[in-house]
Amino acid sequence: MSALVDVQAADGLPRARSPALVGAFTLLLIAGPFIALAFATQWSDFHFAPGDTGAIAVSLGYSLIALVLIVAFGTPLAWWLARHSFHGKWVLEAIILLALLTPPLAMGILLTTLFGPYGPVGSLVARTGVELTNSASAFVLAQFYGALPYYVVAARAAFEGVPRELEHISLTLGKSPWQTFWLVSMPLARLGLAAGIALAWVRALGEFGIVLILAYYPQGIPVKLWVNLQDIGLSAVYPLLWVFFLVAMPLPLILGMASRRQRLF
Amino acid sequence: MRIDYRIDHPVQLQVNFEVEGFTILLGQSGEGKTTLLRAIAGLLPAQGEPFDGLLPQHRAVGYVPQGYALFPHLRAWENVAFALPRGPQRRAQALELLARVRLVEVAEHYPSALSGGQQQRAALARALARKPQLLLLDEPSSALDAATRDEVMAELISEMHEFGLPALAVSHDPHLAALADRVAVMSGRRIVQHGAPDEVLSRPASAAVARLLGHRNLFAARVAGHETNAGVTLLQWEAANGTTLRLPHQPDLIEGQLVQWMIAPTAVRLPSLKPELRRIDNPVTGRVESRLNLRAHFQVTLRCGTERLWVTVLGNLMRHHGLEIGHEITVDLRSNDLLCWPHTG
């Protein structure tokens with residue numbers, strides 16, 4: 001056999017070497033900007049700009065709230081789309097696609113039109129004293145809209161991957177549909193759901209376009225990076241960026257590992 | 001337990017038969033056998049007794065589908081415990097059920113680490129944990145390999161008897177019919193025959209049933225006439241050089257009518273060695289074409305004209321009659337062993 005098949009994979013079977021080589025190259029392409037960042041950072045003069053700590057707190061706190069809302073509202077929708085077929089279902093699918101493909105900046109404008117102080121919903125809600133622009137609620141709303149469609153698409157695929165027969169068997173074993181959902185569907189969809197939550201977290205935390213329009217204040221990390229770049233320069237961007245990685249990474253990493261029952265070390 | 005069900009969708013189906021002990025419902029693929037089981041389990045809209053109108057979670061059935069559908073994320077004992085009420089006794093009860101199907105040693109294994117037979121027994125234990133009034137088994141022999149199938153099935157049936165539960169198994173495998181307490185045969189989306197296995201196997205109600213039961217010697221012939229005085233109907237077996245066959249009088253058959261007839265391979269008689277016993281009803285001459293050694297006996301095929309007649313021969317008689325390939329022999333088809341039906345389709 002050629003030298004290209006002598007690499008042993010985890011399952012002990014010989015694997016071709018070329019995909020590994022291409023894979024390594026792709027990984028290098030992905031890692032490139034971060035390697036450059038490591039070199040560009042002035043480690044001897046590593047300090048934060050005024051307001052950075054506040055931005056970290058805003059991003060972390062509100063993204064968590066947005067994530068909870070996304071899972072709470074997105075999971076039933078994803079389940080419904082995965083498990084029910086009806087006439088005109090394509091319309092719902094098209095709406096979710098629309099939300100996915102709208103450029104964030106445009107989505108920010110649309111949301112401001114709807115939820116802004118002169119918008120139909122915004123003006124109504126304003127009567128109760130809640131502002132849906134440039135407020136904590138607006139910030140969460142922006143993240144919710146930015147990340148929800150990604151979660152719904154991932155969660156729907158996860159539920160579709162659960163064999164219906166197993167859900168049916170659970171019913172014949174005396175479990176209600178609700179118990180079946182928690183005991184069978186959720187555990188079997190956990191890989192895909194975890195991927196969906198990780199994706200939603202990353203999307204919410206990194207959301208810039210919608211936030212910029214709908215909730216310039218309070219400033220989270222992405223907007224603060226922009227402000228630092230404008231006001232101070234690159235030297236004020238890099239430290240905050242490192243912190244962003246530090247706070248954004250653990251959740252998707254742990255979710256991925258836990259759902260695969262894989263250990264870090 | 002009487003099963004009386006009507007299904008309109010996805011296939012139209014109406015059945016009414018008795019389940020006693022281990023009952024096999026035989027039918028070809030596409031007859032709606034799985035549909036019937038799913039309807040009884042409440043997983044499909046249908047009307048009928050028992051369990052009419054109940055939600056699936058309220059029906060006391062133990063459903064073991066084809067492929068067994070064990071929960072892949074749960075260990076063997078957790079699969080069994082799934083149907084048990086929560087409480088401190090849950091694990092002990094699950095292990096007890098696993099012990100009854102001899103699976104305690106693999107209680108901690110995930111289903112993917114179990115063999116086909118073990119998965120089936122685990123699924124059975126899980127179904128029993130629900131305390132069902134009726135067990136439903138979909139193609140219980142399909143995932144078993146040929147070498148161990150009979151053994152595993154015989155064991156499964158004896159376990160059912162031990163639990164004292166009526167079980168309905170649907171299958172297209174005629175092998176299972178002989179093992180069951182009762183057999184129902186489904187053809188054309190209805191039950192065409194049911195009864196004890198001996199009765200159904202030896203007296204199929206139609207050629208279609210005979211075919212479903214795996215009978216081999218099914219042939220076409222034409223009614224040549226009746227000898228009413230002798231109580232005999234004559235058949236002309238044209239494919240076998242126009243051999244004439246005599247069978248007990250069948251007044252319903254009309255001269256010239258096309259019929260299908262059958263004889264069990266075990267009923268074909270070899271020439272008697274004692275001349276005084278040489279009473280021959282229907283001599284048929286053929287040439288040995290193949291011999292299949294099944295240890296205790298042989299399956300021999302005789303070429304008779306354009307047809308092939310299967311004969312079961314005990315090992316010692318093979319030598320006695322010198323049944324080598326190419327050897328010609330005249331066998332006897334006893335009138336009373338011949339079954340005959342009007343030709344359909």
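Me: What share of chain A is buried?
Reply: Of the 265 residues in chain A, 32% are buried. This is a predicted model, so that figure is computed from predicted coordinates.

Me: What does chain A span along its principal axes?
Reply: The C-alpha trace of chain A covers about 60 × 55 × 30 Å.

Me: And how many helices and strands in chain A?
Reply: Chain A has 13 helices and two strands.

Me: What's the mean pLDDT of chain A?
Reply: The mean is 90. A pLDDT of 70 or more is reached by 94% of the residues in chain A.

Me: Where in chain A is the pLDDT below 50?
Reply: Residues 1-6 of chain A. That stretch has six contacts in the model beyond near neighbours in sequence. Where pLDDT is low, the predicted coordinates should not be read in detail.

Me: Let's do helix packing. What angle do H9(A) and H13(A) make?
Reply: About 175°, with the axes 9 Å apart. H9(A) covers residues 190-206 and H13(A) covers residues 250-259.

Me: Parallel or antiparallel, then?
Reply: Roughly antiparallel, because the angle is over 145 degrees.

Me: Which residues make that contact?
Reply: From H9(A), A:Arg190, A:Leu191, A:Ala194, A:Ile197, A:Ala198, A:Trp201 and A:Val202. H13(A) brings A:Leu251, A:Pro252, A:Leu255, A:Gly256 and A:Ser259.

Me: How do they divide by type?
Reply: Nine are nonpolar, two polar and one charged.

Me: Switching to the A-B contact. How many residues from each chain?
Reply: Chain A gives 13 residues and chain B gives 14.

Me: Which elements of chain A give two or more residues there?
Reply: Helix H7 (164-172) and helix H8 (177-188) of chain A. H7(A) gives the most, with six residues.

Me: On to chain B. What's the strand order in the sheet of six?
Reply: S5-S6-S7-S3-S8-S9 in chain B. The sheet is open, and the pairing is mixed.

Me: Why is one side of S5 and of S9 left without a neighbour?
Reply: S5 (61-64) and S9 (190-195) of chain B stand at the edges, so each has a single partner strand.

Me: How much twist?
Reply: It averages 20° from one strand to the next.

Me: How do S3(B) and S8(B) run, parallel or antiparallel?
Reply: Parallel, joined by four bridges. S3(B) is residues 22-26 and S8(B) is residues 182-187. One bridge pairs B:Leu25 with B:Ala184.

Me: What does helix H4 of chain B lie across?
Reply: H4(B), residues 116-129, lies across S5(B) and S6(B), the latter spanning 134-138. H4(B) runs at about 160° to S5(B).

Me: What about the sheet of three strands in chain B?
Reply: That sheet is open too, in the order S2-S1-S4, with antiparallel pairing. S2 (13-18) and S4 (47-49) of chain B stand at the edges. Neighbouring strands are turned by 0° on average, direction ignored.

Me: How many bridges between S1(B) and S2(B)?
Reply: Six, in the antiparallel sense. B:Ile3 stands opposite B:Phe17 of S2(B).

Me: Which helix packs on that sheet?
Reply: H1 of chain B, residues 33-40, touching S1(B) and S2(B). Its direction makes about 105° with that of S1(B).

Methods: Residues numbered from 1 in each chain as written. Chains lettered and ligands numbered in written order. Predicted model: local features only at pLDDT ≥ 70, side-chain atom pairs only at ≥ 80, totals over all residues. Contact = placed C-beta atoms within 7 Å. Pairing = 2+ DSSP bridges. Axes fitted to C-alpha atoms, helices over the stretch in contact; angles between N-to-C directions. Buried ≥ 20, exposed ≤ 12 C-beta atoms within 10 Å, placed from the backbone. Parallel < 35°, antiparallel > 145°, perpendicular 65-115°, else oblique. Nonpolar A, V, L, I, M, F, W, Y, C, P; charged D, E, K, R; others polar. pLDDT = per-residue confidence, 0-100.
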